[in-house]
Amino acid sequence: MIDKIKVKVSAFVSDILENDALRFGFTKNEKSNKNALLNKLIPTLVEVRKARREEIENILKNDFNREDSENIYNAVNMVIDEVYFNGEELYMLDEYIWIRPSKEARATYDEIQVSETKITAQETPVYIRGLLNEYSRLPQYKREMLTFDKELDVFAEACETRHILHFWDKDTKERYKAFAFDYYYGYLYDQTNYCIIYDINNKIVKSIPLYRVQDIYMIKQKFKPSELLLEKMQNYCDSWSFEEELKIEEK
């Protein structure tokens, strides 16, 4: 069981983590709390890494019918970080970060120590550095999606099923009972992901940045929007006026 982990990273990676901790609301006493960010993020990055390994293995077996697919698979896992992330901005390891595993993330760190390091032939700090090198190369909107992937999954399911959502706005401390309409990836200049909702109690169409959605869950009850509401919500989305709110009296 690991109490704390010391990871040597580049200044580039350290700066990205500092930016994201502040941008995504991981703060303590008005300063960045990178440990909280990493405990939220690393379990997702490990799952992404495992899913990619599985995809590589399936391609080798199913598409190429390689009898030696296991040997190739093991070799790929051992060298992919070195080959793919050998960038100049990531290479100079000038900074240290400390990770103190949270209770919620402890199982992931145990898995890294027991399983992932054997598969990749790396020590725990080196393995984590590889995860962070990959993360830091991504645009900000994608980093936000990875950090809040569980919240996004719940929201996306609510969009599909029309089950009513409940969640907190991390910034305003407001509690919402909402109909989830759609979500938009901020891959252009804004680099923010928006969740478009109808605030059922206040009868307002509005957008909430993904990073502000907290303690989200669905209930069994479904919301039945009128055609007029759906039309107005679509117009709201098409206008990209996400900083505004739209009052709609839904009957």
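Modeller: Happy to! A residue is called buried when its relative accessible area is under 20%, exposed when it is over 50%, and partly exposed in between, using a 1.4 Å probe and protein chains only. Phenylalanine 167 and tyrosine 176 are both buried. Keep in mind that this is a predicted model, where local features need pLDDT of at least 70 and side-chain atom pairs count only at pLDDT 80 or more, while totals for chains, interfaces and linings use all residues. Residues are numbered from 1 along each chain as its sequence is written, and side-chain values use heavy atoms, leaving out hydrogens and water.

Now to the rings themselves: there are nine aromatic pairs in the structure (rings of Phe, Tyr and Trp, the last by its six-membered ring, with centres within 6.5 Å; planes under 30 degrees apart are stacked, over 60 edge-to-face, the rest tilted). Phenylalanine 167 and tyrosine 176 form a stacked pair, because their ring centres are 5.2 Å apart and their planes meet at 25 degrees. Compare phenylalanine 179 with phenylalanine 181: this pair is edge-to-face, with 6.5 Å from centre to centre and 65 degrees between the planes. Phenylalanine 179 has a relative accessibility of 2%, so it counts as buried. Phenylalanine 181 has 16%, so it counts as buried too.

Rings can also join up in groups: Phe24, Phe26, Phe148 and Tyr211 are linked by ring pairs into a cluster.

Charged side chains meet rings as well. The charged end of lysine 4 sits over the ring of tryptophan 98, 5.2 Å from the ring centre (that is, NZ of Lys or CZ of Arg within 6 Å of the centre and within 35 degrees of the ring normal). Likewise, arginine 49 lies over the face of tyrosine 127, 5.8 Å from the centre of that ring.

Let's return to Phe26 from the cluster. Along with Ala36, Asn39, Lys40 and Glu151, Phe26 lies nearest the centre of the largest pocket, which has 19 lining residues (on a 1 Å grid over the protein atoms alone, a pocket is an open set of points where a 1.4 Å probe fits, with protein on both sides within 12 Å along at least five of seven lines; lining residues have an atom within 4 Å of a point). Helix H2 (34–63), helix H8 (149–161) and strand S9 (213–222) each give two or more residues to this lining (helices are DSSP runs of H or I, at least four residues, and strands runs of E, at least two, numbered from the N terminus). H2 provides the largest share, five residues.
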